[in-house]
2 protein chains.
Amino acid sequence: MAKQERAIRTRRAIVEAAGAVFDEHGYTSTTIAMVLERAQVTKGALYFHFASKEALAQAVLNEQVPFGAVPPQPCKLQEIVDMTFVVARRLLDNALLRGSVRLAVDQETPSGVDHGEPFRQWAQALTELLELAGERGELLPTVKPAETVDLLVGTFTGVQLMSRALTDRADLGDRLSVMWAHILPSIAVPGLLPGLDARADRGTRVLASLEQRVAS
Amino acid sequence: MAKQERAIRTRRAIVEAAGAVFDEHGYTSTTIAMVLERAQVTKGALYFHFASKEALAQAVLNEQVPFGAVPPQPCKLQEIVDMTFVVARRLLDNALLRGSVRLAVDQETPSGVDHGEPFRQWAQALTELLELAGERGELLPTVKPAETVDLLVGTFTGVQLMSRALTDRADLGDRLSVMWAHILPSIAVPGLLPGLDARADRGTRVLASLEQRVAS
């Protein structure tokens, strides 16, 4: 293994361990020592990549958007719907994603860490997709992509939070279905609505097709 | 002042102080001593009302719904819209409300404290209003009040959280306008939409009319 590749793997192991520890303990109670033990790396390796706990937290915060990767769809609105369901599904078993969401949401994250960053990153990724949807004639003429995207990111944040507080996210798929049923008619041209799939198990099905693509 | 009235005032002073301290420091870093100093009450007075930090946090969590008090409106959907704008406005300057929202939202709130309780209390209060709106013919026949209300509570939670993370809640009124513009068409009968007021400054205007009512 080349030196550079080893460094990338070590960095990833540290970020994943940090995500898991932040998820379990929150920012304040997390120590570098806890991350070292979880990642099974030396102090020197960790400080080579991250100068401080703040830097570690920032790295974890910056890892959210890749979890929204989904297969391309002919309908770009369906792709946006798919991203929400896939992230919801991954929140159930991915500790790095959960830790990243906790850092973004918890008020305890200190001001030295930019916890607005994932909100901006999601908004940017979704705005590009929504503008593409607009170019393809999928959107009502009243839609302002930046406003709608901000609402989608905020709504997703709150819906997953309420689902976590009440059912440890067990009902998140159902809640996302309800969310899209209320919001899609204000975004999509009416002819598109019957063909859009926002059923509660959409995330599981999209992930299965994603794994098939990787395997083949 | 009667003994009972004094006890009620003392309890209120403690809850307000606790809300402010939880807002600033979060659950873990808050100590009973900090609350005592803020409330200017004796240890004995505090423990007479609250057996533990958990009990204090629970009391703060249970105080959210009264902040949604708004004047009655002929249109019950307008009343629901008004509640969201008034709570948003009060989040800017009420430390007890802010502390209560922080405890509900932050994952650090321990499992011994039921931080799902405010979500359930909001859902109950709003479901009653939305059912009344339905009886008066304000709702589309497709609306299931319990589902719609859960979405509204989740959406409000996320929209205020994103507004806090990005602008310290300075743009919360604008974000609520966008929220209602996207959701009302899926809830209200079309004839009602032009008459509903969900402009960004709605909270300020409703609070002013509320103060006039109290003064007169």
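In this predicted model, helix H8 (residues 145–167) of chain B and helix H9 (residues 172–183) of chain B have axes that come within 10 Å and cross at roughly 150°. Angles over 145 degrees count as roughly antiparallel, and H8(B) and H9(B) are therefore roughly antiparallel to each other. The crossing of H8(B) and H9(B) is right-handed.

| Helix | Residues in the contact |
|---|---|
| H8(B) | Leu151(B), Leu152(B), Thr155(B), Phe156(B), Val159(B), Gln160(B), Met162(B), Ser163(B), Leu166(B) |
| H9(B) | Leu172(B), Arg175(B), Leu176(B), Met179(B), Trp180(B), Ile183(B) |

Sorted by class, the residues in the contact of H8(B) with H9(B) comprise eleven nonpolar, three polar and one charged.

Turning to the interface between the chains, 37 residues from chain B and 37 residues from chain A take part in the contact. Between them, chain B and chain A bury about 3,100 Å², with 63% of this area on carbon and sulfur atoms. Of the area that chain B buries against chain A, 23% is supplied by Gln107(B), Met162(B) and His182(B), which is more than any other three residues supply.

Two salt bridges are found across the interface of chain B and chain A. Asp150(B) forms a salt bridge with Arg175(A), in which the closest N and O atoms are 3.3 Å apart.

Notes: Residues are numbered from 1 along each chain as its sequence is written. Chains are lettered from A and ligands numbered from 1 in the order in which they are written. This is a predicted model: local features need pLDDT of at least 70, side-chain atom pairs count only at pLDDT 80 or more; totals for chains, interfaces and linings use all residues. Side-chain values use heavy atoms; hydrogens and water are left out. Axes are lines fitted to C-alpha atoms, for helices over the stretch in contact, and angles run from 0 to 180 degrees between N-to-C directions. Helices (H or I, at least four residues) and strands (E, at least two) are DSSP runs, numbered from the N terminus. Angles under 35 degrees count as roughly parallel, over 145 as roughly antiparallel, 65 to 115 as roughly perpendicular and the rest as oblique. A crossing is left-handed if the near helix is turned anticlockwise from the far one by less than a right angle, and right-handed if clockwise. Contact means heavy atoms within 4.5 Å. Ala, Val, Leu, Ile, Met, Phe, Trp, Tyr, Cys and Pro count as nonpolar, Asp, Glu, Lys and Arg as charged, and the others, Gly among them, as polar. Buried area is the accessible area (1.4 Å probe) that two parts lose on being put together, summed over both. A salt bridge is a side-chain nitrogen of Lys or Arg within 4 Å of a carboxyl oxygen of Asp or Glu.
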